[in-house]
Amino acid sequence: MTTVRQRRVGKGTEAAEDQPSEEKNVKPDGKILSDHTGGKLWNILSITVGGIVAICLGLLTSVYVATLHENDLWFSNIKEVEREISFRTECGLYYSYYKQMIQAASIQQGLHGLVYDNKTESVRTINILERMNVYQEVFLSILYRILPIQQYLEPVYFYIYTLFGLQAVYVIALYVTSWLLSGTWLSGLLAACWYITNRVDTTRVEFTIPLRENWALPFFAVQIAAITYLLRTHLQPVQERLTLMAVFIATFLFSLTWQFNQFMMLIQALALFILDCFDILPTAKVTWLYVIQISALLLVCVLQFFNSMILGSLLISFNASVLIARTIQKKLKKGGLLNRLGKLILHVLLVLCLTLLINKFIKKILNLESDEHIFKFLKAKFGFGATRDFDANLYLCEEAFGLLPLNTFSRLSDTLLFYVYVFVLFLMTVAAVIVAFQNLSGSNQVQFMERMEECTIALKPDAAYNLIHSILFGCLALSTMRMKYLWTSHMCVFASFGLCSTEVWKLTLKCIHLYTSQRTHVIKYSIPIITLLYISYKFWPGIMEELSELREFYDPDTVELMNWIKSNTPNTAVFAGSMQLLAGVKLCTGRTLTNHPHYEDKNLRERTKQIYQIYAKRSPEDVYRILRSFGTDYVILEDSICYERRHSRGCRLRDLLDIANGHIMDGLGENEPDLKPSLYPRFCEEIKKNLPSYSIHFTRVFQNKTFHVYKLAKHK
């Protein structure tokens, strides 16, 4: 109950460690007065208080999301099968490997079971450590086995508490990044408060605990904090080396825990490339960051048994191309404005061409097609031609991969976050454009600098990086809703930095001819404190009400299904059905699956499309033949898919299958001219009539309001 109240501490104690005392009063005999010593003590005190506040906020955030999770599900009171069912879709699949490692006779046997897995995909043996990012589950399971905590803490609690603990790391990293940018920990306090009050748009950890992004984003935030510190000027060699090591470790952990790491780091590399082209960042540090990205990704590639999707990533091709192009164009940053613009255009074209050539060459050698569905999706999403590709349409029809809803901005505006963010973003973008123009034109004349002094600031490299980072990830979030969590958390950092930044307020006041150093100092502290008071006053009651709401997990149909499978089917039985449901089947029952939600494999995508013919207009003979080709013993049909109403016509799963099969869709509406009526009715509907043509192949063995399970006959 003290979570939010603790976040209101310390309105009067602030740090200014980045702003050394301007006065050095020296007596005639050369002795320095106590001002300097007092300033040092004040800085030490401020850093200590700021650090304590950061740790407290991080821990309180962990407790907050853990409490929400408990209150929403009554997790401590429900049965084990209900707890496992609460890990929906791919979350259940990832958690199943943690459970598998815990239940193995030994660590060695558990690892062997992952490397030679024949239960995740029937009639195939796959290497889970190669295909999926589950090293975190392996590490946690080993830790749980060797620590003397088994009698005090259940495995599931050890798992979820670790994830909630990582939220503390996440918030502390955001806090530190904002503090580094602004020079005051008040900025970090504001960033953390914004993160909490905008929880709906900044995290979903409390209801999708094992999701890969919940493991990865805390390490990404640590990496950004380390990069922010690295880009400071006047670092000592030892500080620089230690910071580079921190960047590498954070980048490695981020890459190891999320399959989409390469795409996020590609955007990060683009930010570095843009800033380097305009000479805003030191080239040597940018080069180190390129090398770190490649090194971390290659190390992950080795740990994932030389996963070809990593080797064929655009990130490796892009970073290598930048380094090659820079070697070719050694005099890129010399000459006048027009000369440099010409060189810059050539440089960009050279990097782009090299990236495509290297990437195509690698994919050709490795015969890599694992990520082709992503590019098909992107091509269709951005209007480069319609597609009937089942995989691409499956993504296009999911709300999570659609555009960011407009109501997101109204929620962010309620906490003032969006308004402040736009204000800071506009000022910093203007400053960045002017600084980039100065750098390209090589204008160092005193008169020119004096003319620009009233409307620009010397853009610091760390602020410049965070600006471009925020813009690029903002574009990603606007185009794909699922990626908004990468942007909104950094939005908290960037907005709080701007509100507490001397440079931003100095620029603002100079532009309206009201600048004095005292006025700037007062505003940079008073405005954030007023904002914190407003947030506390408006959102404290809502948070308290949210923490007092008690709900309970309730999904009796799925519980009944899982209990029936465990009691009435052999351990070696193979189940077919939807990807989402089968992940739960594997976790709750340990049965073998035909397909699953980890979609980054071409063979699995083809297999899933074939299995999903149970919801298409196909003959019973065709469906039986397809299911038996994957060794299926039982098939689970879901009414929620067969009679889906969640999506509009054209986006229902049955519609996507009809289009891919060249069949006319159900219901009123237009169809493309070349689509033809199917010769057969929809399988999932017709099988329930128990007609002889169906019953010869399929026997219903279980039924409730949601699920229908059929056992396949074994014909010779």
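# Chatting through the fold

Reader: Hi, new here. What does the accessible surface of the protein chain come to?
Author: This is a predicted model, and the accessible surface of its protein chain comes to about 31800 Å². Carbon and sulfur atoms account for 63% of that surface.

Reader: And how many of the residues count as buried?
Author: Of the 716 residues in the protein chain, 56% count as buried.

Reader: OK, what about helices and strands, how many are there?
Author: The protein chain has 34 helices and 5 strands. Its radius of gyration is 29 Å, close to the 27 Å the globule rule gives for 716 residues, so the chain is as compact as a globular protein of that length.

Reader: What box do the C-alpha atoms fill?
Author: Roughly 105 × 60 × 55 Å, taken along the principal axes.

Reader: Which share of the contacts comes from residues 24 or more positions apart?
Author: Counting contacts in the protein chain with a separation of 6 or more, 72% are between residues 24 or more positions apart.

Reader: Switching topic: how do helix 12 and helix 13 pack?
Author: Helix 12 covers residues 237–257 and helix 13 covers residues 261–277. They pack at an angle of about 140°, and their axes are 8 Å apart. That angle makes helix 12 oblique to helix 13, because angles count as roughly antiparallel when over 145 degrees.

Reader: Which residues meet there?
Author: From helix 12, Thr251, Phe254 and Ser255 meet Asn261, Met264 and Met265 of helix 13.

Terms used:
Residues numbered from 1 in each chain as written. Predicted model: local features only at pLDDT ≥ 70, side-chain atom pairs only at ≥ 80, totals over all residues. Heavy atoms only, no water. Axes fitted to C-alpha atoms, helices over the stretch in contact; angles between N-to-C directions. Helix = DSSP H or I, 4+ residues; strand = E, 2+ residues; numbered from the N terminus. Parallel < 35°, antiparallel > 145°, perpendicular 65-115°, else oblique. Contact = heavy atoms within 4.5 Å. Rg over C-alpha atoms; globule rule 2.2 N^0.38 Å. Buried < 20%, exposed > 50% of the residue type's maximum accessible area, 1.4 Å probe, protein only. Areas by Shrake-Rupley, 256 points an atom, 1.4 Å probe, with all protein chains shown as cover.
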